[in-house]
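Hi everyone, thanks for coming. Let me put the model up on the screen, and then I'll walk you through how its parts pack together.

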Amino acid sequence: PAVSTDADMLITTMYANLNHASYDPSSSYFMISEIASDDRYGGEEGPGSLEAVDHLMYYSDTQFDFVWKMHYKGIFYANSAIEGLQKLKAAGQMTDEEKYNQDLGEAYFMRAFYYYQLAQLFGPVPLITSTTQDDNTPRTDIDRVYSQMASDFENAINLMSSKKYNEYVEFGHATRWAAEAFMARVWLFYTGFYQ
C-alpha cells in the first residue's frame with residue numbers, strides 16, 4: 001500500500017501544478033494564445049499586459065514570468081515522476097506493470113504537454129529532462145525541443161493503456177488518445193502546414 005501511495009503522490013503532484021493557471025488566468029497559456037489570436041481582444045483600459053499581448057507588443061520584462069515559472073515547475077514535477085517511478089520499479093516496489101506503465105506514460109505526456117505550450121509561446125526554450133539539470137540551462141534549438149516532445153508523446157502512447165477511458169484511466173488523467181492527438185498537433189505545427 002505505501003508503494004502505491006508513493007507513486008500516486010508523484011502523479012498527483014504533477015497534475016496539481018495545472019491548477020496554477022486558474023490562479024492567474026491572464027498569464028495562462030490559453031489566455032495568452034487566445035488574446036494573441038484574432039479570437040479575443042485584450043480588453044484592458046490603458047496600457048496593460050493583456051492589451052500588449054493583443055497587439056503583440058512588449059509590455060515589461062516580467063510580463064510572462066508567471067507562465068514561464070509554472071511551466072518549468074510542471075516540467076520539474078514530470079521529471080520527478082519519471083525518475084521516481086523508475087526508482088520504485090528498479091527497487092522492486094512497483095509490481096503492477098500496467099499501473100507502472102500508465103503512470104510513467106502520464107509523466108512523459110505531461111512533460112511533452114508543458115514543452116508544447118512553451119514552444120508555442122516562446123519558440124526555442126531551455127530543454128530540461130532531469131531533476132539534476134542546471135537551472136541556468138540556455139535555450140535549446142527548436143528542432144531538439146520538438147524532437148523531445150515527439151519522443152515523450154511516443155513514449156506516452158506506447159506505455160499508456162489502450163482500454164477505454166472509463167475502464168482504466170482515472171478521471172482527469174492523460175490518456176493514450178490525448179497523447180496521440182497532441183502528437184498530431186506537434187507534427188502539424190512543426191513539419192506540417194505551419195512548418
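Predicted model: local features only at pLDDT ≥ 70, side-chain atom pairs only at ≥ 80, totals over all residues.

Before the packing, a word on geometry: an axis here is a line fitted to C-alpha atoms, for helices over the stretch in contact, and angles run from 0 to 180 degrees between N-to-C directions. Helices (H or I, at least four residues) and strands (E, at least two) are DSSP runs, numbered from the N terminus.

Residues are numbered from 1 along each chain as its sequence is written, and side-chain values use heavy atoms, leaving out hydrogens and water.

So, what do we have? The chain contains nine helices and zero strands. It has 195 residues, and 42% of them count as buried, where buried means under 20% relative accessible area, exposed over 50%, and partly exposed in between (1.4 Å probe, protein chains only).

Now to H6 and its neighbours. The axes of H6, residues 97–122, and H5, residues 65–90, come within 9 Å and cross at roughly 160°. That makes H5 roughly antiparallel to H6; the cut-offs are under 35 degrees for roughly parallel, over 145 for roughly antiparallel, 65 to 115 for roughly perpendicular, and oblique for the rest. Their contact has 19 nonpolar, five polar and four charged residues. In that scheme Ala, Val, Leu, Ile, Met, Phe, Trp, Tyr, Cys and Pro are nonpolar, Asp, Glu, Lys and Arg are charged, and the others, Gly among them, are polar.

On to H9. The axes of H6 and H9 come within 11 Å, crossing at roughly 30°, and that makes H6 roughly parallel to H9. Helix H7, residues 142–159, packs against H9 at about 155°, with the axes 9 Å apart, so H7 and H9 are roughly antiparallel to each other.

What about the rings? A search of the whole structure finds 13 aromatic pairs: rings of Phe, Tyr and Trp (its six-membered ring) pair if their centres lie within 6.5 Å, with planes under 30 degrees apart called stacked, over 60 edge-to-face, and the rest tilted. One of them is Phe-113 with Phe-182, edge-to-face at 5.5 Å centre to centre and 85° between the planes. Phe-113 lies in H6 and Phe-182 in H9, residues 176–190, so the pair ties together parts that are 69 residues apart in sequence. Both Phe-113 and Phe-182 are buried. Ring pairs also link these two into a cluster with Phe-109, Tyr-114, Tyr-116, Phe-153 and Phe-189.

Last stop: Phe-64, in the loop between H4, residues 49–54, and H5. Buried or exposed, or in between? At 27% relative accessibility, Phe-64 counts as partly exposed. Phe-64 and Leu-121 are 57 residues apart in sequence, yet 9.6 Å apart in space, C-alpha to C-alpha.
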